[in-house]
Amino acid sequence: MKTIKSVEKSFHILNAIARWNGQKNLTELSVLLSLSPGTLHGFLATLEEVGAIDRDPQSGKYILGPLILKYSLIGNPLQSLAQTCMPSLNRLRDKTKETIHLAVPEPEGKILYIAKAESPYPYRLTSLVGTAEPAASSALGYLLYPLELDPKDETIRKNMETSRPYCVKYEKELDAYCLATSFTYGNAPLRQAGLSIVIPHQRWTAHSQKFYQEALLTETQQLESWLRKME
């Protein structure tokens, strides 16, 4: 069967970007695809113009765009959400050097972890993707569910006064702090998800708290804005 070579090349490029979502720039993709940078740039510019891909303005690396992700949400929404959010998780992990989790609310008062970016430190705290836990066991649960705070419980505090609410919970069994915030995505209906940073207590100081908080809230705001492009 005769094929249109330009269309075929476009799909090869999309497959490469999907595989290395947010990890390759123009030069790296040209090597992987055996295409000259000039030729590849033309394809990338066209795909970006129609919304099939997008380029991170900070790193110059390419990710799947709102057009592709909009339709992928139809088939497997959680898998698509996880893939869409991974560049944000990786950026936040690279900035903080801590483990980052992405979770969504589940029925019966639980949260489900659907993606993570692990800390490079030898001593790090993480959970298994695909596992669910009671909402009250994590700071994420207090944002994704209307849980009441125990005023006598000094291990958790929730701040609803900032532009984006956040919650901090000391998890005694892990000897670590979980800092979390939530964001919305999709429409009809609008859905919620959350990002969290897990910080061992020895790296949780008065100075680092502000750093972690600013990094988390800034990246989450950028992620939510990006997701709105898909609506």
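View 1. Helices here are DSSP runs of H or I with at least four residues, strands are E runs with at least two, and both are numbered from the N terminus. This is a predicted model, where local features need pLDDT of at least 70, side-chain atom pairs count only at pLDDT 80 or more, and totals for chains, interfaces and linings use all residues. Residues are numbered from 1 along each chain as its sequence is written, and side-chain values use heavy atoms, leaving out hydrogens and water. Among the buried residues of α7 are Tyr 212, Leu 216, Leu 223 and Trp 226. Buried means under 20% relative accessible area, exposed means over 50%, and partly exposed is in between (1.4 Å probe, protein chains only).

**View 2. The largest nonpolar core.** This core has 30 residues, and Leu 81, Leu 89, Leu 102 and Phe 183 have the most contacts inside it. Elements that each supply at least two of its residues include α5 (77–96), β3 (99–106) and β8 (176–185). The biggest giver is α7, with seven residues. A nonpolar core is a set of buried Ala, Val, Leu, Ile, Met, Phe, Trp, Tyr and Cys residues joined through side-chain atoms within 4.5 Å.

View 3. Tucked away in α1 are the buried residues Ser 10, Ile 13, Leu 14, Ala 16 and Ile 17. Looking down the axis, these buried residues fall within an arc of 160 degrees, so they line one face of the helix. That arc is taken from the directions from the helix axis to the C-beta atoms. On the face turned away from the buried side, you'll find the exposed residues Lys 5, Phe 11, Asn 15 and Arg 19. Phe 11 belongs to α1, which covers residues 5–19.

**View 4. Two residues with positive phi.** Lys 97 isn't a glycine, yet its phi is positive, at about 65 degrees. Lys 97 lies in the loop between α5 and β3 and is partly exposed, with a relative accessible area of 37%. Asp 175, also a residue other than glycine, has a positive phi near 55 degrees. Its spot is the loop between β7 and β8, and Asp 175 is partly exposed at 27% relative accessible area.
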